[in-house]
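Hi everyone, thanks for coming. Let's look at one structure together, and I'll take you through it step by step.

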Amino acid sequence: MAIKRRTIFVIGVATAALAAGTTMVQAALTDNMYPTSNYFHTCFDGDMGDGFCQTDNKTLTLYREGSLTAAEKKTIARAAKDYFGPTDLVVKVQSSGVYVGGAETDVIYKSKTLTRGKIGITWCDDAVNAKTCDQHYIVFNKNHTDIGSVNKSDACHETGHAVGLTHGPDASPRLGLYDDRLGCMSYNDVYKLGANNKENINATY
């Protein structure tokens, strides 16, 4: 199985525990839905690489910008529908993006040149409150000389971040980066969302 290196988000270490009243998702294996006891920054309007939150409702609207190839757009839409469609999220791929106002597109996908070896980066652009975000951006690496084109596993991984799913070391209890029990949220090319991720999504949305 091919192993790909992924972007690791580094968030400042918090000194306080999770705020009182925070709902913890009780999954069969681990809680990897932001916020966890190992990944609990306050959601904020960020820039590339600043970190992700939960999306703000169960209707997940997606827009794929023109910087992506036709094949990448198709791959992203197929991954969203195949992997997130069977969850409690309602996936809607839009023909145009909404960038301002109260009905912003939840996830905007684009392509640009990133540091060699990075596949994608996801961050919140418009926080609603301390936990949820009205619009996330996902940027895939335009320079595919060492990693190939975006595949369904990559699209699943970054979209997972946009709905709040974390990497294994940020889950509670912690898992390894390459633990396939986290489906496409592992650092391996896993072509499924995984039962644990589905359970966390359905308990949240």
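**Helix H1 and its neighbours**

In helix H1, the buried residues are Glu72, Thr75, Ile76, Ala77, Ala79, Ala80, Tyr83 and Phe84. Keep in mind that this is a predicted model. If you have it on your screen, H1 runs over residues 70-84. That gives 15 residues, reaching 21 Å from the first C-alpha to the last, close to the 21 Å expected at 1.5 Å a residue.

Here is something handy for reading that list. An α-helix has 3.6 residues a turn, so residues three or four places apart point the same way.

What covers the buried residues of H1? The cover includes strands S2, S3, S4 and S6, along with helices H2 and H3.

Let's stay with H2, residues 152-162. Two packed helices are described by the angle between their axes and the distance between the axes. For H1 and H2, the axes come within 8 Å and cross at roughly 65°. The two helices are therefore roughly perpendicular to each other, and their crossing is right-handed.

Who makes the contact? On the H1 side you'll find Thr75, Ile76, Arg78, Ala79, Asp82, Tyr83 and Phe84. H2 brings Lys152, Ala155, Cys156, Thr159 and Gly160.

Now let's zoom out. The protein chain has three helices and six strands, in the order β-β-α-β-β-β-β-α-α along the sequence. Of its 205 residues, 50% are buried. And among contacts with a separation of 6 or more, 73% join residues 24 or more positions apart.

Key. Residues are numbered from 1 along each chain as its sequence is written. This is a predicted model: local features need pLDDT of at least 70, side-chain atom pairs count only at pLDDT 80 or more; totals for chains, interfaces and linings use all residues. Side-chain values use heavy atoms; hydrogens and water are left out. Helices (H or I, at least four residues) and strands (E, at least two) are DSSP runs, numbered from the N terminus. The expected span of a helix is 1.5 Å times one less than its number of residues. Buried means under 20% relative accessible area, exposed over 50%, partly exposed in between (1.4 Å probe, protein chains only). Contact means heavy atoms within 4.5 Å. Axes are lines fitted to C-alpha atoms, for helices over the stretch in contact, and angles run from 0 to 180 degrees between N-to-C directions. Angles under 35 degrees count as roughly parallel, over 145 as roughly antiparallel, 65 to 115 as roughly perpendicular and the rest as oblique. A crossing is left-handed if the near helix is turned anticlockwise from the far one by less than a right angle, and right-handed if clockwise.
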